[in-house]
Amino acid sequence: MKRYFLLTLLFLNVLTVFSQSNLVDKTRAFRQANEHRLLQEFMGLLSIPNVVYDTVGIQKTANYIVKMMEDRGIKTQKLDAKTKGVPPAIYGEVIVPNATKTLVFYAHYDGQPVNPNQWAEGIKPFEAVFLDASLEKGGKIIDVPKASESINPEWRIYGRSASDDKAGVFTILSAYQAMTKMGIKPSVNLKFFFEGEEEAGSTHLEEILAKHKDKLKADLWVICDGPVHQSGRKQVVFGVRGDVNMEVKVFASKRPLHSGHYGNWAPNPANLLVNLLATMKDTKGKVLINGFYDDVTPLSALEKQALANIPPSDEQMRNELGFVRAEGDGKSLAELISLPSLNINGIASANVGKMVANIIPTSATAALDLRLVLGNDAQRQVQKVIEHIKSQGYYVTTNESITDEERLKYPLIARVQAKEGYNAQRTKMDLPIAQLIIKAVQSTSKENIVLMPSSGGSLPLYLFDKHLATPTITVPIANHDNNQHAENENIRIQNLRSGLETYVALMSIQ
């Protein structure tokens, strides 16, 4: 009986591998027959301005996606928040008779602000173009390939949200279309949820989830956002860091002063600010703020093992980015993104370049970005920074303006303002449904996929736990060098192809 059982198990495993391999082959055949048309649709989506604060562009983008969904036979509607006038979530569902599991596929359709002057010559944020390679490798703009022309997998499409995250929307919907065209009926209910406010911190996502709680019931949310591993391997990510932003503004004289007449006497706020910031981190990148790491939830044994199995990429990335010494005192990139961080997003005080003047400025401002891990609380972490600023002798206020009384009473004045932010989230790697996701993604790759306990980026995924009691797992598709949030954002053709295979496999899980 034991021998019979083992033979049966072996036969079922072989059958599963064959079935999965056959699914990948069928998906590739669909893509080869439809790629030009699909990419034309994608280019149309990229041509619509979708900066998160552009109300008109956001609505046009939402309407384009609604049509994409309806063209695929998906029952679709817009889900509004309680607050009026905010970008809607676009929802769709495919209910399968007798299905016992439900997956929701998430991406966001809004994008980061753009400065067209910072983009490479000939490339405009909302006029997507093909390049025959990445700009860093000398890529040149080429014509959109005709239906009779082959498409090189190393070509790239440049445009805002090409990777973050219109590629996610496009891949999810293309995968469902592929399934229907191939005659594959899902065994689980499929739901689709495309958010329009992620790049503004998902300010009203909580309202949408709470208002439509019953409609959004599921066993798992699959998040399509972010890049694959730097090695190029596919990865399954089980958590995200939280995020909260702060602004610290240091004040000095009421008016700008001549640097010759008053230098060495009048306090310089730029100098005060950089000295204050220097007390927050040491030369190895460790945050020196009291208690900054104290409430971190340790990784489990399984998560630690996953980290140990991640292929090293530090040397590759140092060479690629052009610096010798990384922060972290010898820890790897994968280890460090499991810790909270403090980043200076920008510093401003008077002018530089052609606009420079010999003055002592009146104020200096720094934008800080605090990334949080499981155990951190956004507002508690902000308070730690405020207490540190106070410990350096500063009087701290949240008021927009500083009074004369305050100026004459306190030698060091800092205005500190913080956004609400959100906390980190992490799903257990040993959940049965998590194992199904791992198996599905691995079936599309000959290399071992990367299992990442948490990504370095942030999404408000804790809200899905809070309002829906539902775990989330992120399965990204974009190339790691996609320039998301910056100028010259792009997506590599092979990543779109691989993403299609991945998401067809996810929608086909048994």
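Biologist: Which residues are linked with Arg31 in a network of salt bridges?
Modeller: Keep in mind that this is a predicted model. Side chains of opposite charge can pair when their charged atoms come close. Here Arg31 belongs to a salt-bridge network, and its partners there are Glu35 and Arg497.

Biologist: Which helices each supply at least two residues of the lining of the largest cavity?
Modeller: The lining includes Arg31, Glu35 and Arg497, the residues that are linked by salt bridges. Leu38, Leu39, Phe170, Thr171, Ser174, Leu496 and Leu500 line the largest cavity as well. The helices that each give at least two lining residues are H1 (2–46), H3 (166–182) and H14 (493–507).

Biologist: And which helix gives the largest share of that lining?
Modeller: By class, the lining of the largest cavity has 5 nonpolar, 2 polar and 3 charged residues. The largest share, 4 residues, comes from H1.

Biologist: How much space lies in the largest cavity?
Modeller: Rolling a probe the size of a water molecule over the atoms shows where empty space is left. Searching the whole structure this way turns up 2 cavities of 30 Å³ or more. For the largest cavity, the space comes to about 90 Å³.

Biologist: What about the second largest cavity: how many of its lining residues are nonpolar?
Modeller: That cavity holds about 30 Å³ of space. Its lining is made up of Val86, Pro87, Pro88, Ala89, Glu195, Gly196, Glu197, His204, Leu205 and Ile208. Sorted by class, 2 are polar, 2 are charged, and the nonpolar ones number 6.

Biologist: Back to salt bridges. How many residues apart are Asp71 and Lys67?
Modeller: The search of the whole structure finds 21 salt bridges, and the side chains of Asp71 and Lys67 meet in one of them at 2.9 Å, N to O. Asp71 counts as exposed because its relative accessibility is 53%. Both residues sit in helix H2 (residues 55–71), about one helical turn from each other, so their separation in the chain is 4 residues.

Biologist: Is Lys254 buried or exposed?
Modeller: Lys254 forms a salt bridge with Asp404 through their side chains, at 3.1 Å, N to O. That pair links distant parts of the chain, 150 residues apart: Asp404 is in helix H11 (residues 404–409), while Lys254 is in the loop between strand S11 (242–251) and strand S12 (257–258). Asp404 is partly exposed at 39% relative accessibility. With a relative accessible area of 59%, Lys254 is exposed.

Biologist: And Lys384: buried or exposed?
Modeller: Lys384 pairs with Asp295 in a salt bridge between their side chains, at 3.4 Å, N to O. This pair also links distant parts of the chain, with Lys384 in helix H10 (residues 378–391) and Asp295 in the loop between helix H6 (269–278) and helix H7 (301–309), 89 residues apart. The relative accessible area of Lys384 is 15%, and the cut-off for buried is under 20%. So Lys384 is buried.

Methods:
Residues numbered from 1 in each chain as written. Predicted model: local features only at pLDDT ≥ 70, side-chain atom pairs only at ≥ 80, totals over all residues. Heavy atoms only, no water. 1 Å grid on protein atoms, 1.4 Å probe; cavity = no way out; pocket = protein on both sides within 12 Å on 5 of 7 lines; lining within 4 Å. Points joined across faces, edges and corners; volume = space filled by probe spheres on them. Nonpolar A, V, L, I, M, F, W, Y, C, P; charged D, E, K, R; others polar. Salt bridge = Lys/Arg side-chain N within 4 Å of Asp/Glu carboxyl O. Buried < 20%, exposed > 50% of the residue type's maximum accessible area, 1.4 Å probe, protein only.
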